[in-house]
Amino acid sequence: MRRTPAPVPPAVRPGRRWTATVLAVLALLAGTALTVPGAATAAPAAWTPKPAPMTTPWTNQVPVDRPLPEYPRPQLTRPDWANLNGIWDFAVTPADAGRPAAFPEQIRVPFVAESALSGIQRRVTQSDKLWYKRTFTVPASWDGQRVQLHFGASDWRTTVWVNDRQAGAAHDGGYDAFSYDITDLLNRGGTNTVVVSVWDPTQNGGQAVGKQRLNDVHPHPGGGIFYTAASGIWQTVWLEPTAAAHITRLDMVPDLANNRLKVTVRSAGTSGHQARVTVSAGGATVGTATGPVGTEFSVPVPNARRWTPDDPFLHDVRADLLSGSTTFDTVGSYTGMRTVGLARVDGVPRPVLNGQFVFQTGTLDQGYWPDGVYTAPTDAALRFDLQKHKDLGFNMVRKHIKVEPQRWFYWADRLGLLVWQDMPSMERTPDAAGRAQWEAEYRRIIDQHRSSPSLVMWVNQNEGWGQYDQARIANEVKAYDPSRLVDNMSGVNCCGAVDGGNGDVVDHHVYVGPGTTVPDAGRAAVLGEYGGLGFEVAGHEWYPGGGFSYEDQPSLAHLNNRFVGLLDGIREVRLPRGLSAAVYTEITDVENEANGLLTYDRQVVKVDEARVRAANRALIDASRSPAAPVTLPTGQFRSLRVTTPGYTDRYVRHKDGAVSTEVVNGGSAALLKADATWRIVPGLADASCYSFESRNYPGEYLRHRDSRVYKEGGSGDLFRADATFCPVRGANGGVRLSAYNFPGQYLRHYGAELWLAVPGGTRAYDSPALFAEDTTWAVEAPWTP
C-alpha cells in the first residue's frame with residue numbers, strides 16, 4: 001500500500017527565468033520543496049509528534065522541519081518560492097485576549113492543533129485563540145520584487161502580523177486560500193517575525209463547519225457521522241516573490257465545439273497590460289493568443305485530445321503579462337480539454353462529458369486522517385485515496401463537506417476522476433451575516449478551483465443542513481460558473497431537506513439502496529449517497545468495538561458479495577430507468593464509521609479490488625452501450641418457470657396466499673394450473689415495470705412482504721411498490737425480476753418457497769450458491785389461458 005515518491009524536480013536558483021516546460025515540471029512533479037536559502041529556521045530537537053491513534057503508511061514519513069514540501073499551487077506556478085511549513089512557536093489564550101508575552105509550546109505547521117502530527121493533540125473550543133510565531137529571512141535575490149505571504153487554508157478567523165504590524169484585514173473562512181502582500185512590512189536583509197492568531201468556534205459559530213464537532217481528540221465511543229474538529233492552520237504556508245504587476249489567477253473554460261480554450265487572466269497592480277497565453281502538448285505549441293487582462297479571450301486548440309477519466313490528458317499552459325515589448329510576469333499552468341453539460345439521451349436527462357453520457361460511479365470521500373485529522377500526512381497520502389478510486393474502477397469522487405488543498409485537485413486532474421465538490425455546510429440556518437459569509441466563501445472556493453478539469457459539479461447544500469434559499473443559490477452558482485453542473489441539494493429526500501426544484505440533478509440518499517430515484521423533466525437522476533456496508537477489521541479500528549455502519553456484514557465475503565450486488569443492481573435495474581450517477585458511502589472508514597472500502601489507517605483494502613473494478617467497469621460500459629430494455633407482454637396471461645437445472649418442471653404458483661414453486665404438467669389439476677397462471681400488467685407503482693395479477697383471483701398480485709412472497713390484494717403506495725417488479729435480462733433468454741422498491745433484490749425460489757433475495761445477504765435464501773439460476777425465470781405460455 002506504500003507508494004514510491006515521484007521524481008524530484010531540479011533545484012531552482014533564485015531569480016532565474018524559466019521556460020514553460022520547466023514551469024510545468026514544477027507544477028506536475030511531487031518531491032522535495034522548491035525553497036530558497038534562508039527562508040526557514042531549523043526545527044528544535046525537543047519537538048516530537050504525539051502518538052497517533054492509528055498510524056497510516058505515511059505517519060512516520062513526515063519531515064519534522066519541512067512537511068508537505070511540494071509546490072502548493074499547481075495551476076499557477078512560478079519557479080521561486082519559500083515553504084514556511086515546519087516547527088512554529090505556539091500558544092493558546094482566551095479568545096478575547098491579546099498577543100501572549102510567551103509562546104511556551106511548539107507546533108508542526110500545517111497540522112491542526114487537534115492532530116497527533118501537530119505535536120499538540122488537544123481539544124480547541126470557541127473559548128480559545130491559537131497563536132503561532134516564527135522567523136524567516138528574505139533572500140537577497142528577491143530584492144526589487146513584491147513578497148506575497150500565502151495561506152492554503154486556516155480555520156477560521158485568521159489575523160496576521162509581520163514585524164508587529166498587521167498584514168491587511170483578518171481573513172474569515174476555513175476552506176479558501178488567502179494571501180497578503182507583506183513587502184512594506186519586511187526588514188530587508190534581516191530577520192522577520194510573523195505572528196498568526198486563529199479563532200475557531202467550530203459548530204458554535206455560524207460559519208461553514210462541515211463534519212467538524214467539538215469531540216474528544218482521542219478515540220472514544222460515539223460521534224456518529226461527525227468527527228474531530230480541525231482548528232487553525234491546516235494547509236501550506238509559503239512566501240513568493242512577484243513583480244508589482246503580476247498574474248493572480250487563470251480562469252480557463254474549454255470550448256470543444258469551436259476548438260478553443262477561453263481564458264481570463266486575472267491580475268494585481270496592472271494598468272493597460274496585455275496577456276499572452278500559450279497552450280502546448282508534449283512540448284509543442286498548439287495555440288497562442290493575446291488579449292486584455294481581466295477580459296475573456298480565446299486561444300485556438302485545434303483537434304484537441306479530450307480529457308476523460310480513461311485518458312486524462314493535460315495540456316500545458318503558459319501565461320505572460322505584457323506591457324509593450326516587456327514581460328512583467330510569467331506563470332505556468334495546465335488544462336484538460338473537456339466539456340460538461342446536461343443533455344437528453346434517448347429521451348432521458350443525463351450528464352454528459354464531451355457530449356457523451358457515461359455513468360458516474362464513485363464514493364463519498366470525507367478527507368479525514370487518523371494522524372493529521374484534516375491534513376494528509378504527505379502528498380503521497382493525498383494521492384493515495386484518489387489512486388484507490390482508480391484501482392477500484394470508479395470514475396468519480398464526491399468530496400464531502402470539505403474542500404481539499406489545490407494539490408488534491410491536481411491529482412484528480414492527472415489521474416482522471418470526475419469530482420463533485422460540496423460546499424461545506426453550516427450547523428444551523430444562518431443569520432444575515434452568516435449567509436453573507438458563507439456565500440462569499442463559496443464564491444472564493446469556486447474561483448480557486450474553477451479551472452480544474454476534474455471538477456464537474458458543485459454541490460451547494462446537503463440533507464438540509466443549514467439550508468436556506470436553495471433555488472436562489474443554485475441559480476447564482478450556475479450563473480457564476482456556467483461551465484459545470486449544479487446540485488441544489490444532495491439528499492432532497494432526507495432529513496427535512498427542501499428541494500429548490502432547480503439545478504441540474506435530482507439527488508437522493510438511500511441506505512442501503514440503491515432506491516428508485518428518477519429524473520424529472522429537466523434534471524438528471526443521481527444517487528448522492530448509498531451503501532454504507534460495514535465491516536470492522538480487528539487491529540484497524542479507531543476505537544475498538546465502537547464502530548458502526550448502515551448495514552454490518554458478518555464477513556469480508558459477504559461484504560464483497562453485497563457491494564458487487566449493489567453495483568450490479570444499479571447497472572441492471574436503475575441505469576435503464578434513468579439513474580445517471582451513484583456515490584457509495586465510503587472510500588475509507590472515518591473514526592467510528594466502519595463503512596469504508598478501506599480501513600481508516602489505509603492499511604487494509606477490505607474488498608476484492610479486481611472484482612469491484614470489474615463491476616464498476618461493467619456499469620460504465622453499460623452506460624456507453626446500453627442494452628435494449630427487457631419487455632414483457634402486458635395484458636396477457638403467462639406462467640413463470642424455474643430455470644435452475646434439475647428443477648425446470650416447476651412453476652410459480654400460489655396456495656393459501658403464499659407463493660411457491662411446484663411441478664406442473666399436462667396431467668396437473670385444473671386448480672394447480674390456474675394457480676400457476678398470471679396476467680402481466682403495467683407496474684402498479686411504475687408503468688415501465690410490471691405487476692403479476694392472479695389468474696383465478698383478479699385484483700390480487702404477486703407481492704413481497706418481509707422478504708417472503710405472497711398473492712395479495714391491497715392499496716396504497718407501499719402495496720403498489722411491493723407488487724411491482726422490474727425485469728432484467730437473465731441467462732439463456734430468461735428474465736430476472738427485481739423488486740421495484742428494492743432494486744438489486746430479486747425474486748428467488750429457495751426450498752420451493754419464493755423470497756426476495758439479496759446478493760451477498762446473510763439469510764439462508766440469500767445463499768450465493770445457484771443465486772443467478774434461482775433468480776432467473778422463463779416466461780412461458782399460460783397453463784390456463
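Is Arg435 buried, partly exposed or exposed? Arg435 is partly exposed, because its relative accessible area is 26%. The model described here is predicted.

## Salt bridges across the chain

A search of the whole structure finds 57 salt bridges. Arg435 takes part in one of them, with Asp469, at 3.8 Å from N to O. Arg435 belongs to helix α4 (residues 432–449), while Asp469 sits in the loop between β29 (455–459) and α5 (470–480), so the pair ties together parts that are 34 residues apart in sequence. Asp469 counts as partly exposed, because its relative accessibility is 33%.

Asp499 and Arg523 form another salt bridge. Their closest N and O atoms are 2.8 Å apart. This pair also links distant parts of the chain, 24 residues apart. Asp499 is in the loop between β30 (485–487) and β31 (505–510). Arg523 is in the loop between β31 and β32 (524–531).

An α-helix has 3.6 residues a turn, so residues three or four places apart point the same way. Lys388 and Asp391 are both buried.

Salt bridges can also join into a network. One such network links Arg249, Asp251, Arg266, Asp447 and Arg450.

## An enclosed helix

Helix α3 covers residues 406–415. Of its 10 residues, 8 are buried, so the helix is largely enclosed by the rest of the structure. The buried residues include Trp408, Phe409, Tyr410 and Trp411. After α3 comes Gly416, with a positive phi near 90°.

## Two helices side by side

Two packed helices are described by the angle between their axes and the distance between the axes. Helix α6 (residues 556–574) packs with helix α7 (residues 609–624) at an angle of about 5°. Their axes are 9 Å apart. The two helices are therefore roughly parallel to each other.

Which residues of α6 and α7 meet? On the α6 side they include Phe563, Val564, Leu567 and Ile570. On the α7 side they include Val612, Ala615, Ala618 and Leu619. By class, this contact has 9 nonpolar, 3 polar and 3 charged residues.

Terms used. Residues are numbered from 1 along each chain as its sequence is written. This is a predicted model: local features need pLDDT of at least 70, side-chain atom pairs count only at pLDDT 80 or more; totals for chains, interfaces and linings use all residues. Side-chain values use heavy atoms; hydrogens and water are left out. Axes are lines fitted to C-alpha atoms, for helices over the stretch in contact, and angles run from 0 to 180 degrees between N-to-C directions. Helices (H or I, at least four residues) and strands (E, at least two) are DSSP runs, numbered from the N terminus. Angles under 35 degrees count as roughly parallel, over 145 as roughly antiparallel, 65 to 115 as roughly perpendicular and the rest as oblique. Contact means heavy atoms within 4.5 Å. Ala, Val, Leu, Ile, Met, Phe, Trp, Tyr, Cys and Pro count as nonpolar, Asp, Glu, Lys and Arg as charged, and the others, Gly among them, as polar. Buried means under 20% relative accessible area, exposed over 50%, partly exposed in between (1.4 Å probe, protein chains only). A salt bridge is a side-chain nitrogen of Lys or Arg within 4 Å of a carboxyl oxygen of Asp or Glu.
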